[in-house]
Amino acid sequence: TNTNTNTNTNTSKINNHNNQYNNHNNKSKSNFNFQFDINNLNDQKNCLNKNNNNDNNNNDNNCSKNYSNRFCDPAFFVLGATKTATTYLYWLLGQHPQIRAPKRKEMLYWGDEPFFNKGKNWYFRNLGNIRTSKFVSFDSTPHYIRNPLVPKQLNEFFPCSKFILILRQPTQRWYSYYNFKFLQGGITKMINSTDFIIKSIKNFNRCTNYQIGKQLSIEQYFKCCEYNLNLNYLMSKIFSEMFYSLYYYQLMHWFQFFKRDQFMIIEFNEITGPQTNQTFSKILKFLNLQDFDINQVINQNVSARRNNNRVEYVVPVIEQDIKILNHFYQSHTIFLEKLLKTKYNWF
């Protein structure tokens, strides 16, 4: 009897969660119907990317006239999960003579993010790139990648945009986030992380009816990736970060609205390691901007030099946790490698 009661309670909670999620989508200003069909990829053969024109004297090449009369559209977007060096990339991009970094590192606008209600004038003022300038601007809001409402909106307004996405080894990324929250004071005492990790994965698998070796539907992923049964709000938020490293499902959704060649996907170590300058040059080539030796700027700015070995980990890195997380992520990373035709030596 107790088992049946618990099952009914859990089912009720899951249904309630899904109803709330769909209600949020229904109220969205984007009128986004929560339906996923990989065959609905928009035909963009007639979409000419204005930034491919290298004539810097013709400023309208960098601007769309469909959304703002005064400001240029963002030429590209920086995406990525938390703790993937997006802040560092934002700073690097801002050093380039042809790029004007937005006033806010994270615009938090599209997809009914916190500042959507402020309207388009607020958005473009904070991008800060008026039409008479010779610069390109960009929006660096990393977690757009995990907001299912964003790609449809961006496809509607900026169908020719380019995207830079940073991926990081999933277990390392989550530990970095967990440590970051502890240093911030978001966590005030040590917890039994192993118990929480196991419980979170079980809840995620229960919510999605996941079976090892089988892909989830994109709808299942977005409905359940933030769902954690029997965890308080703070711990739910921290451990839900585990599921934002399931990059495959996020990208499958985005690829319904944008072509693969509109994305430059790089790994964390490529932008933070010794090959930063080479990676930055590849990014500039992707954006059709002139090359720039970023090492000169980095060497002159001590605070910008990155040495990830100096990161102080105050939370214990438990070997058992690493094994559990790696096992969980590995089964999903296989799908990512097939999608991107890239081998990631993460495990």
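Q: In which sense do β4 and β5 pair, and over how many bridges?

A: Strands of a sheet pair through backbone hydrogen bonds, either parallel or antiparallel. In this predicted model, β4 and β5 pair in the parallel sense over five bridges, where two strands count as paired if DSSP finds at least two bridges between them, and where strands (E, at least two residues) and helices (H or I, at least four) are DSSP runs numbered from the N terminus.

Q: What should I keep in mind about the numbering and the confidence limits?

A: Residues are numbered from 1 along each chain as its sequence is written, and because this is a predicted model, local features need pLDDT of at least 70, side-chain atom pairs count only at pLDDT 80 or more, and totals for chains, interfaces and linings use all residues. Side-chain values use heavy atoms, with hydrogens and water left out.

Q: What is the strand order of the sheet, and which strands stand at the edges?

A: The sheet is open, with five strands in the order β2-β3-β1-β4-β5 and parallel pairing. Since β2 (99-100) and β5 (263-267) each have a single partner strand, they stand at the edges, so one side of each is left without a neighbour in the sheet. Elsewhere in the sheet, β1 (residues 74-80) runs parallel to β3 (residues 136-140) and is joined to that strand by four bridges, with Phe-77 standing opposite Asp-139 in β3.

Q: Which helices lie on this sheet, and at what angles?

A: Such angles run from 0 to 180 degrees between N-to-C directions, with axes fitted to C-alpha atoms, for helices over the stretch in contact, and contact means heavy atoms within 4.5 Å. Helix α2 (residues 86-94) lies across β1, β2, β3 and β4 (162-167), running at about 155° to β1. Helix α11 (residues 276-286) also packs on the sheet, where α11 touches β2, β4 and β5 and makes about 170° with the direction of β5.

Q: Is β5 mostly covered or mostly open?

A: Burial is judged by relative accessible area, with buried meaning under 20%, exposed over 50%, and partly exposed in between (1.4 Å probe, protein chains only). By that criterion β5 is mostly covered, as four of its five residues are buried, while buried residues make up 52% of the 347 residues in the protein chain.

Q: Where is the kink in α13 centred?

A: A bend at a residue is the angle between axes fitted to the seven residues ending there and the seven starting there. In α13 there is a kink of about 35°, centred on Ser-331, and just after this helix Lys-341 takes a positive phi of about 55°.
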